[in-house]
Amino acid sequence: MSKTYNFDWQIEVSTRLLQGDSFDRWDEENGTLEQNCLFRVDSYGFFIYWQSDGRDGQVIELSQVSDIRPGKAPTDQKIGADLMSNSLVYGRGNIDERTVTICSGIDFVQISHTNITGADPATAKAWIEGLRKITHNHKANNICPTTILRKHWMKLSFMLNVNKKIPVRSISKTFASGRTEKRIFEILKELGLPSGKNDEVDPADFTFEKFCDLYHKICPRTDIAELFDQLSGGKDYITTKQFVDWLNEAQRDPRLNEILFPFYDTKSALRIIDRHELRANYRDRGHLSCDGLTRYLMSDENAPVFLDRLEVYHDMDQPLCHYLINSSHNTYLQGRQFGGRSSVEMYRQVLLAGCRCIELDCWDGKNDTEPIITHGKAMCSDINFKEVIYAIRDTAFVTSDYPIILSFENHCSKPQQFKLAKYCEEILGDLLLTKPLDSHSLEPGVPLPSPNLLKRKILIKNKRLKPEVEKRQLDLFLKGIDTEGNNDNDVDSAANVEGEDGSAAFSDNAKLRDDDDEAHPELNVDVNDDASRRTLFGQLGLKLKVSSNLSREEEEALYNGYQYKGATTNIHPLLSSRVNYTQPIKFPGFSKAEERNIHYHMSSFSENVALQHLKQNPIEFVNYNKRQLSRIYPKGGRVDSSNYMPQIFWNAGCQMVSLNFQT
């Protein structure tokens with residue numbers, strides 16, 4: 001593009017982090033303690049790096065850091081005692097107050113926790129605040145190839161051995177992909193650097209220029225060389241005119257607006273030559289060498305995307321349904337849909353990654369004590385609902401101020417539903433949107449509020465009682481009169497819920513075939529009970545394993561034995577009253593939805609049903625999405641937590657296309 005743009009991707013690193021502080025690094029899993037490590041951050045904000053006496057240097061890549069948390073004292077008594085003995089030298093304050101936990105990983109499941117304990121609480125606080133400012137820098141993930149090379153070079157420069165030198169073996173590993181060590185050693189020798197397998201390089205000799213020379217010899221850009229020969233006609237330079245012609249014909253997108261993105265001319269071409277051509281005599285004549293062309297093509301000026309679009313540049317004042325919403329399916333699961341492990345940490349990681357709609361499958365806990373979250377009757381472990389709400393509070397708006405939607409699948413009894421509502425109110429506080437905005441009432445024809453109006457607000461998506469029923473039951477409840485009645489999911493309670501009475505229509509013309517329409521089809525036996533499982537497996541001619549880990553054959557048998565038990569329709573009035581702009585209802589059909597014109601009603605569709613709608617009623621589906629929200633979820637058969645192609649549904653305007661983040 002010829003429109004100049006200063007790609008300012010760096011976030012300033014505080015002086016304290018640049019200069020560093022001494023910490024004790026410890027790990028309870030392997031029982032290690034590394035004392036008096038000088039922790040620092042480089043000026044680009046690429047790495048946290050440290051080295052202690054007698055040990056190799058280590059780094060944590062900040063692009064892989066998801067969270068910086070106040071730490072806790074170790075439960076390992078020996079590590080705790082060693083930390084306290086070292087604190088006698090320089091420590092002030094208890095270990096909890098002096099500890100920082102750095103969470104990092106390349107996915108949402110395999111998270112490493114680096115615990116470091118500093119001299120005093122002020123040091124820990126300074127590092128927590130300083131690191132939080134420079135993490136989640138999404139612009140830094142779009143830096144140009146030249147800056148990426150500098151990042152690799154810096155990593156090698158930080159990972160010094162005990163002699164404060166760079167091992168040749170480390171350099172070899174950096175370029176190992178598809179290259180033999182022998183060839184790398186030969187090129188190091190050509191550059192005048194130590195080249196033996198067990199040799200080491202002085203960091204002062206291994207300059208960035210040397211590293212780039214090494215890179216271009218190991219990974220020659222023959223594609224650019226061929227292009228240069230074609231443009232120059234065999235000469236060792238390209239003229240300004242040749243460069244301008246090529247920029248306009250090959251590099252500039254012809255679809256761009258010619259006023260906002262004018263064609264390249266001599267002036268703009270010379271500006272590029274001045275910036276990237278190192279030979280002064282070439283610059284003076286307006287010539288560009290092959291090296292200069294390579295530097296240009298590997299710079300920010302040749303970015304494949306508009307770098308100013310990496311920030312929020314859209315109009316964020318349109319109704320909520322006019323935006324795609326980053327959405328998660330079965331957020332709590334770390335692995336498979338059957339027998340998978342549930343984790344509070346998944347909620348933290350998903351929210352920190354920018355997800356704005358998370359799913360909470362709520363069930364009564366054992367002995368009706370505390371509500372839990374689990375994949376009901378699918379032999380998955382459970383987690384405490386209250387702990388999840390704390391995790392949501394702590395991470396909801398770290399990476400984005402735009403609203404969060406809590407998608408409840410509510411299987412709880414009324415007493416437990418009361419706890420759901422109270423925990424959300426007490427823990428989330430003012431973050432929870434408990435009533436509609438004055439400017440956007442819950443009436444037919446009134447559009448949904450915009451993301452800007454809902455900034456730093458958390459919305460609950462749960463079935464809601466009809467207004468008159470909710471008012472009556474809530475009044476009685478607040479007066480202390482028992483409104484629980486029958487807690488079963490029966491026809492009478494369904495008649496009290498908005499959008500639940502009457503049969504659901506899958507199509508305006510004919511009912512669509514749907515064998516797995518529900519997100520959580522539950523088994524018609526209690527698979528947590530060995531006797532029930534043996535009965536089911538015996539009926540299917542299968543032998544039950546002693547282990548809780550199911551084979552593919554067993555999983556398929558369980559899936560074929562599904563009988564879905566939907567979310568409860570016996571809703572507690574307090575929980576009901578906390579639902580506003582995300583009210584789920586049975587899909588009434590496109591015509592009925594248009595006739596009702598209720599923008600805060602929304603419906604969910606399995607990927608199969610949504611695809612059938614796209615085939616049979618594409619225009620109606622798009623028009624529906626212009627007015628109200630739709631949620632798409634993976635079909636029940638995806639027991640391995642695989643994902644469908646979301647683009648299909650985004651193209652039709654489906655906003656909440658939920659995905660299994662763990663894969």
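## Cysteines

Cysteine 362 has a relative accessible area of 0% and is therefore buried (buried means under 20% relative accessible area, exposed over 50%, partly exposed in between, with a 1.4 Å probe and protein chains only). The model is predicted: local features need pLDDT of at least 70, side-chain atom pairs count only at pLDDT 80 or more, and totals for chains, interfaces and linings use all residues. Residues are numbered from 1 along each chain as its sequence is written, and side-chain values use heavy atoms, with hydrogens and water left out.

A search of the whole structure returns zero disulfides, a disulfide being a pair of cysteine sulfur atoms within 2.5 Å. Cysteine 362 is in no disulfide, and the nearest cysteine sulfur, that of cysteine 412, is 5.4 Å away. Cysteine 37 is also buried, because its relative accessible area is 0%.

## Nonpolar cores

The largest nonpolar core has 43 residues, of which Leu360, Phe385, Ile392 and Ile458 touch the most other members. A nonpolar core is a set of buried Ala, Val, Leu, Ile, Met, Phe, Trp, Tyr and Cys residues joined through side-chain atoms within 4.5 Å. At least two residues each come from H14, strand E11 (357–363), helix H15 (385–395), strand E14 (404–410), H16, E15 and helix H21 (573–577). Helices (H or I, at least four residues) and strands (E, at least two) are DSSP runs, numbered from the N terminus. H16 supplies the largest share of this core, six residues.

Isoleucine 458 is in contact with Ile392, Ala396, Phe397, Ile404, Leu406, Leu428, Leu431, Leu432 and Leu433, leaving aside residues up to four places away in sequence; contact means heavy atoms within 4.5 Å. Another core, of 34 residues, lies apart from the largest one, and includes Trp9, Val59, Leu193 and Ile218. In soluble globular proteins, nonpolar side chains tend to be buried together.

## Tyrosine 323

Tyrosine 323 sits in the loop between helix H13 (290–297) and E10. Its relative accessibility is 13%, so tyrosine 323 counts as buried. Not counting residues up to four places away in sequence, tyrosine 323 touches Asp315, Met316, Asp317, Gln318, Pro451 and Gln655. Glutamine 655 is 332 residues from tyrosine 323 along the chain, yet their C-alpha atoms are separated by 6.2 Å.

The side chain of tyrosine 323 also reaches two backbone nitrogens: that of aspartate 317 at 3.3 Å, and that of glutamine 318, which lies 2.9 Å from a polar atom of the side chain.

Asparagine 330 is not a glycine but has a positive phi of about 45 degrees. Asparagine 330 is located in the loop between strand E10 (327–328) and helix H14 (344–352), and counts as buried because its relative accessibility is 0%.

Arginine 456, another residue other than glycine, has a positive phi near 60 degrees. Arginine 456 lies in the loop between helix H16 (414–428) and strand E15 (458–461). With 40% relative accessibility, arginine 456 counts as partly exposed.

## Helix H4

Helix H4 (residues 121–134) has 14 residues and should span 20 Å at 1.5 Å a residue; its end C-alpha atoms are 21 Å apart, which agrees. The expected span is 1.5 Å times one less than the number of residues.

Buried residues of H4 are Thr123, Ala124, Trp127, Ile128, Gly130, Leu131 and Ile134. Histidine 136 follows H4 and has a positive phi near 60 degrees.

Technical notes
Polar contact = N/O pair within 3.5 Å; in protein donor to acceptor, adjacent residues only side chain to side chain.
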